Amino acid sequence: MNEGTPQETINRFDEAFDRIKQATGMRTQVEIAKMLDIRQSSISDAKRRQSIPDSWLIKLYQIYNLNPNWIIDGEQPQFLGDKRGGALHVRESGDSYGRKPKYYQMPVASMSTPEPEQEDATVASAETLAVPEQFHKASLVIVRMDESDMEPVIHRGAYVGIDKDRKTIRSGGLYALDMPMEGLIIKRIVHDAENSRLILRSENQTYADQCIPADGAAERVVGRVTWVFQEL
């Protein structure tokens, strides 16, 4: 079967959902929906879209410290830090061997800066954040959320890690985009193939969807949201 066929996509979704059940010890959709604080029908919707929502990945990390890459692709390690814990209390895996946790002091870019990848949007930032080693990479840019349009998934004031190497758009994923007159925005991108466009969706339903043509849209993608640090 060729890569990317519908059957493979379905199998990958089922495999990811099985990993969630395996890690949480839950066997039914009812139990998982309750744990994720979603309707059971949301699981059916996600399966129909063939996409594990980023809000699930964030919640599973916050509750179980599950590695989002392990859930999606089976990529080790299964846990980031302790087996259970919150996003702001991460223990480095090397602690048990006497190695002190390693942190990287990283600049926090402004969302109002049109091109956060440029030096003046990161190095010149007055605010910095200590990032644990397992969340750090060279392609990372950090912004502080200054709007409430992505609540309750991303709170206003949250620190958001964006991987600039992950620009391939997966429908249903959270991405940062560089938009004219707006600067940096974070939205859930839904691919509307029938109309050859991308829908930029807020989690806060009081905000209207935005739409941009699919052609050339990749040029506006800064990167994919890979983690969020925020108070619960």
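Tyr 61 and Phe 135 are both buried, meaning under 20% relative accessible area, with exposed over 50% and partly exposed in between (1.4 Å probe, protein chains only). This is a predicted model: local features need pLDDT of at least 70, side-chain atom pairs count only at pLDDT 80 or more, and totals for chains, interfaces and linings use all residues. Residues are numbered from 1 along each chain as its sequence is written, and side-chain values use heavy atoms, without hydrogens or water.

Phe 13 and Phe 17 are also buried. Both sit in helix 1 (residues 6-24), four residues apart, about one turn of the helix. Helices (H or I, at least four residues) and strands (E, at least two) are DSSP runs, numbered from the N terminus. Rings of Phe, Tyr and Trp (its six-membered ring) pair if their centres lie within 6.5 Å; planes under 30 degrees apart are stacked, over 60 edge-to-face, and the rest tilted. The count by this rule is six aromatic pairs. Two of them are tabulated here.

| Aromatic pair | Centre to centre | Between planes | Type |
|---|---|---|---|
| Phe 13 and Phe 17 | 6.3 Å | 5° | stacked |
| Tyr 61 and Phe 135 | 5.7 Å | 80° | edge-to-face |

Tyr 61 lies in helix 4 and Phe 135 in the loop between strand 2 (128-132) and strand 3 (140-144), so their pair ties together parts that are 74 residues apart in sequence. Ring pairs also link Tyr 61 and Phe 135 with Trp 227 and Phe 229 into a cluster.

Strand 9 (residues 221-229) is mostly covered, with eight of its nine residues buried. Strands pair if DSSP finds at least two bridges between them. Strand 4 (residues 159-163) runs antiparallel to strand 9, joined by five bridges. Val 160 has Val 228 of strand 9 as its bridge partner. Strand 5 (residues 174-179) also pairs with strand 9 in the antiparallel sense, over three bridges. Here Tyr 175 stands opposite Arg 224.

Now the pocket. A pocket is an open set of points on a 1 Å grid over the protein atoms alone, where a 1.4 Å probe fits, with protein on both sides within 12 Å along at least five of seven lines; lining residues have an atom within 4 Å of a point. The second largest pocket is lined by 28 residues, and Ile 38, Ser 55, Val 153, Arg 188 and Glu 203 lie nearest its centre. Helix 3 (40-49), helix 4 (54-64) and strand 6 (183-192) each give two or more residues to this lining. Helix 4 provides the largest share, five residues.
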